[in-house]
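Take a moment to turn it around before reading on, and keep it in view as we go.

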Amino acid sequence: MGPCEVMLLFEILVGLDRSRSSFNWDSETFRTSRKYLLTHGLIDETQEQLTQKGRALVDMVCATPLPAQRWVD
């Protein structure tokens with residue numbers, strides 16, 4: 001899963017109007033990304049809502065702590 005798929009998950013989650021989206025939903029890249037999300041059961045058939053599996057993935061991403069920089073002597 002790459003950045004395009006993650007962006008799509010979050011845009012679908014918040015219900016952003018496609019006309020106000022930051023990317024072109026009809027581009028080859030995002031058609032491929034939508035197909036990936038659909039194939040893996042992360043979005044529903046309408047491609048407008050996350051499935052339970054998709055929501056669990058978003059929750060996991062949001063729960064991941066930011067890395068902390070450590071200085072090594």
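Which side chain meets that of Asp-59 in a salt bridge? It is the side chain of Arg-55, with 3.0 Å from N to O. A salt bridge here is a side-chain nitrogen of Lys or Arg within 4 Å of a carboxyl oxygen of Asp or Glu.

Before going further, a word on the ground rules. This is a predicted model, where local features need pLDDT of at least 70 and side-chain atom pairs count only at pLDDT 80 or more, while totals for chains, interfaces and linings use all residues. Residues are numbered from 1 along each chain as its sequence is written, and side-chain values use heavy atoms, with hydrogens and water left out.

Back to that pair. Asp-59 and Arg-55 sit 4 residues apart in helix 3, so about one helical turn separates them. Helices, by the way, are DSSP runs (H or I, at least four residues), numbered from the N terminus. Asp-59 is partly exposed at 38% relative accessibility, and Arg-55 is partly exposed too, at 40%. The scale works like this: buried means under 20% relative accessible area, exposed means over 50%, and partly exposed is in between (1.4 Å probe, protein chains only).

A search of the whole structure turns up 2 salt bridges. Arg-31 is partly exposed, with a relative accessible area of 39%. Setting aside neighbours within four places in sequence, Arg-31 is in contact with Trp-25 and Asp-26 (contact means heavy atoms within 4.5 Å).

Now for how the helices pack. Two packed helices are described by the angle between their axes and the distance between the axes. The axes are lines fitted to C-alpha atoms, for helices over the stretch in contact, and angles run from 0 to 180 degrees between N-to-C directions.

Start with helix 1 (residues 3-14) and helix 3 (residues 52-63), which pack at an angle of about 110 degrees with their axes 11 Å apart. That makes helix 1 roughly perpendicular to helix 3, a label that covers angles of 65 to 115 degrees. On the helix 1 side, the residues that meet helix 3 are Leu-9, Phe-10 and Leu-13. Facing them in helix 3 are Arg-55, Leu-57, Val-58, Val-61 and Cys-62. By class, this contact has 7 nonpolar residues, no polar ones and 1 charged. For these classes, Ala, Val, Leu, Ile, Met, Phe, Trp, Tyr, Cys and Pro count as nonpolar, Asp, Glu, Lys and Arg as charged, and the others, Gly among them, as polar.

Helix 1 also packs against helix 2: their axes come within 9 Å and cross at roughly 70 degrees. Helix 1 is therefore roughly perpendicular to helix 2. From helix 1, the contact uses Cys-4, Glu-5, Leu-8 and Leu-9, while helix 2 brings Thr-29, Phe-30, Ser-33, Arg-34, Tyr-36 and Leu-37. Sorted by class, the residues here are 6 nonpolar, 2 polar and 2 charged.

Two charged residues are worth a look. Glu-5, in helix 1, is buried yet has no salt bridge. Its nearest side chain of opposite charge (Lys and Arg count as positive and Asp and Glu as negative; His and the chain ends are not counted) is that of Arg-34, 11 Å away. Leaving out residues up to four places away in sequence, Glu-5 touches Ser-33, Tyr-36 and Leu-37.

Arg-34, in helix 2, is buried, with a relative accessible area of 11%.

How values were computed
Parallel < 35°, antiparallel > 145°, perpendicular 65-115°, else oblique.
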